[in-house]
Protein chains: 2
Amino acid sequence: MSGRLVVLGGGAAGMSAASAARRVDPALEIVVLETSGYAAAGLCGLPYHLAGLVARPDDLLAYPPAYFRDHRGLDLRLHAEAVGLDVERRIVRYRGVDGAAELGFSSLIVAAGGFPAAVPLPGVGDRPCFTVRTLEDTVALRALVETGGVSRALVVGAGYIGLETAEALHARGVRVTVAERVDRVLPTTVDRPVAGIVEEHVRAHVELCLGTDAGMLLAERAPDVVVVCAGVRPSAGLAVAAGARTGPGGALLTDDRMRTNLPGVWAAGDCIAPHHRVLGAPAFVPLGPTANKTGRVAGTVAAGGDARFAGVIGTAVVKVFDLEVARTGLTLTEARDAGLAARATDVVSRSRAKYYPGVAPVHVRLVHEAGGRLLGAQLVGTEGAAKRVDVVAAALHAGLSVDDLADLDLSYAPPYAPVYDPVLLAAQAAQRDRVPA
Amino acid sequence: MSGRLVVLGGGAAGMSAASAARRVDPALEIVVLETSGYAAAGLCGLPYHLAGLVARPDDLLAYPPAYFRDHRGLDLRLHAEAVGLDVERRIVRYRGVDGAAELGFSSLIVAAGGFPAAVPLPGVGDRPCFTVRTLEDTVALRALVETGGVSRALVVGAGYIGLETAEALHARGVRVTVAERVDRVLPTTVDRPVAGIVEEHVRAHVELCLGTDAGMLLAERAPDVVVVCAGVRPSAGLAVAAGARTGPGGALLTDDRMRTNLPGVWAAGDCIAPHHRVLGAPAFVPLGPTANKTGRVAGTVAAGGDARFAGVIGTAVVKVFDLEVARTGLTLTEARDAGLAARATDVVSRSRAKYYPGVAPVHVRLVHEAGGRLLGAQLVGTEGAAKRVDVVAAALHAGLSVDDLADLDLSYAPPYAPVYDPVLLAAQAAQRDRVPA
């Protein structure tokens, strides 16, 4: 078909979309407008750059900009911020390095990502204030830390980015206080009993103030720097102003080919609310793998190919100091909020055979429903939790029941699992703990 | 119903069966006859006892014998070897510590396990010769090693027990030669290209002689000890003599409730060939998890309860020095032997994000069929391979296709996976490499 495809956003979703579109149509003109000075930056790696585990900002790029330009024939424009969208006339207005400009398109992919939620911080004064959402911001924070001028930091928010950031600053020798408005960590990630295990672990390393207004701590703790990690909001403004429909969290709604309700406009990545297979409804869960996959589908379809996005299951994992915290499907809270007669079953199993050196506890929570329907899982442990959750993710994708889960033929050798894998033990416990149908 | 249940074999299957029967029927008399001096010994842990990683033989027991007797009300008779079976009269003859005896039964579970395959070793002379199949044998071998009298060992067989044993002896400072009759390691576990990766790794630690007759090496290497790890055969003799039907490898055939064709006789564990879900036929794959599960089903049903065994998928994992080697479903060889138009797709991915410290290669081989049917997987790596195979095991259990596998929502964080998990990358490669339908 050819013409011009414009992609708003050069992150994981935008660059996946542009690359997929190029594979479908070698003749298509493809322009990517990216606000920051980096494209295809792995945002999930930002805390590890801050910690010093990843030496250079460029290490976080999937490919350098020149690769996209020279090898994929993409017109990648950095420092180019879209500021207006006229869907009827198919025109994008943006501010680039050479000033304001207009760009016509035959098709458009909105992959503008997310932006950090703001937190009112009266009294923050002229203290340096950062987020860990862009590479630029993280590079600046790291530079400040490396000057030695940061001995005390306040991290606002105990979601997964807040906890990763606390760990990174702690690794740099900074005294860290984490302030979370609600009375638990990882409030949107795991249920309260699982959060309790994480809290105990966090407190062994940094100060954790739950149910606390961050502003109140500013005077008391006198931090040299404030890092706001209070969640992400979808960058959907331009599309919404042009008439795009939104769902949970104000994120854009699409069909399974990533089409918005606007003609010629697709959307992908952190600015959308894709279909959640367990919930049976759209959900806003901005994560890297979904950005990559939905970007690829949007680019393929926008360029005239065919692809579909199967939806998300709600899988996520985070490293919190030495703890692996993983989840998939629905938490008990999410299930009950969705009106399901759900129950949670908790077991403490082991990462290895009980006699094998290095064996550690693995906590498994299964969430299930009347009739034995499997709804979700949460796993926590110093080893053996992170990727073990994927077994349940696969089971949820396939619609397996708790009984099916207990029947799985999972790998066993003493260094890697007990003879009944923790997932199997949890499924057996859930069978005994069945919700009356 | 009550009466007397006799269980032949006090291993994982037999003790699982006896314990399950007790839960169903508190009044049932349950007698377990075990040939060795140990019950519920974790045979998979034997190489780690030999290596010195597991201090005491008793550490390998699920529970001590007194626990089964006192807390589960089981009449557990050690050093009791069944020698005759009269199914019509429902009588077992055995040799116990007090001599020969008879025992009537209302129901019988054959859980006699397996025995090591013999290898003709002309010229072995009076060299000490061991297997790593019973706790007694392993304890004796360890004692010999600890006397310091073993400087050179010949391990016969490069299956997973052979390689685990080689590693254990190497850890004890013994110079080890592994002799394998066929021209590759792990001949029944993985395909040749995957075996090649393992071979290179093994050769970095011990001498490996493939396509070699072990007898030939006896004179050349002059080992102080020979350890035969040439596979396992089902201990099905008594049941076969009584008319039990057998399948692959001479193992007993049962239905999904573990019933044999003999009235009142069930079977479980390493002496049976259970249903293989991917093969759609019985298969002899004697492994710990299957022994535990089939034992539980046999005991439950024999005691009057209801349970079914869902079948095996062919999942297994082995640690070979620092390498994790995992498989599930069918290898390409197995698939082709079964007459399937199969193809294998290999990818080399990573255990973590490319920029995260400690990242290591993960080799994934997917076996698939015309039309995108998923048949199996093999994974190898120094980390991230062992339990990752379980995702594919779950997918195979659910009958997911290669396309479905590529759609899974798997966990991502830089310390644990690339943004496209190795399993997803392999599925994408298999999609491109599809067998024409």
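The model is predicted, so local features need pLDDT of at least 70 and side-chain atom pairs count only at pLDDT 80 or more, while totals for chains, interfaces and linings use all residues. Residues are numbered from 1 along each chain as its sequence is written, chains are lettered from A and ligands numbered from 1 in the order in which they are written, and side-chain values use heavy atoms, with hydrogens and water left out.

B:Arg388 lies in the loop between strand S22 (373-381) and helix H11 (389-397) of chain B; helices (H or I, at least four residues) and strands (E, at least two) are DSSP runs, numbered from the N terminus. With a relative accessible area of 3%, B:Arg388 is buried, where buried means under 20%, exposed over 50% and partly exposed in between (1.4 Å probe, protein chains only). Leaving aside residues up to four places away in sequence, B:Arg388 touches A:Lys387 of the other chain as well as B:Ser351, B:Leu379, B:Tyr416, B:Ala417, B:Asp421, B:Pro422 and B:Val423; contact means heavy atoms within 4.5 Å.

Between the two chains, 59 residues of chain A are in contact with 59 residues of chain B. About 5,100 Å² is buried between chain A and chain B, 61% of it on carbon and sulfur atoms; this buried area is the accessible area (1.4 Å probe) that two parts lose on being put together, summed over both. A:Tyr355, A:Asp409 and A:Tyr416 supply 15% of the area that chain A buries against chain B, more than any other three residues. Across this interface the rule finds 2 salt bridges, each a side-chain nitrogen of Lys or Arg within 4 Å of a carboxyl oxygen of Asp or Glu. A:Asp421 forms a salt bridge with B:Lys387, with the closest N and O atoms 2.7 Å apart. Several elements of chain A, including H9, helix H12 (402-407) and helix H13 (422-432), each supply at least two residues of the side that touches chain B. The largest share of that side, 6 residues, comes from H11(A).

Helix H9 of chain A (residues 288-302) has 15 residues and reaches 21 Å from its first C-alpha to its last, close to the 21 Å expected, a span taken as 1.5 Å times one less than the number of residues. Of the 15 residues of H9(A), 14 are buried. A:Gly304, with a positive phi near 105°, follows H9(A).

The structure holds 0 disulfides over all chains, a disulfide being a pair of cysteine sulfur atoms within 2.5 Å. For A:Cys209, the nearest cysteine sulfur is that of A:Cys229, 15 Å away. A:Cys209 is buried, at a relative accessible area of 12%. For B:Cys44, the nearest cysteine sulfur is that of B:Cys229, 13 Å away. B:Cys44 is partly exposed, at 28% relative accessibility.

A:Asp126 sits in the loop between strand S8 (114-116) and strand S9 (129-130) of chain A and is exposed, with a relative accessible area of 76%.
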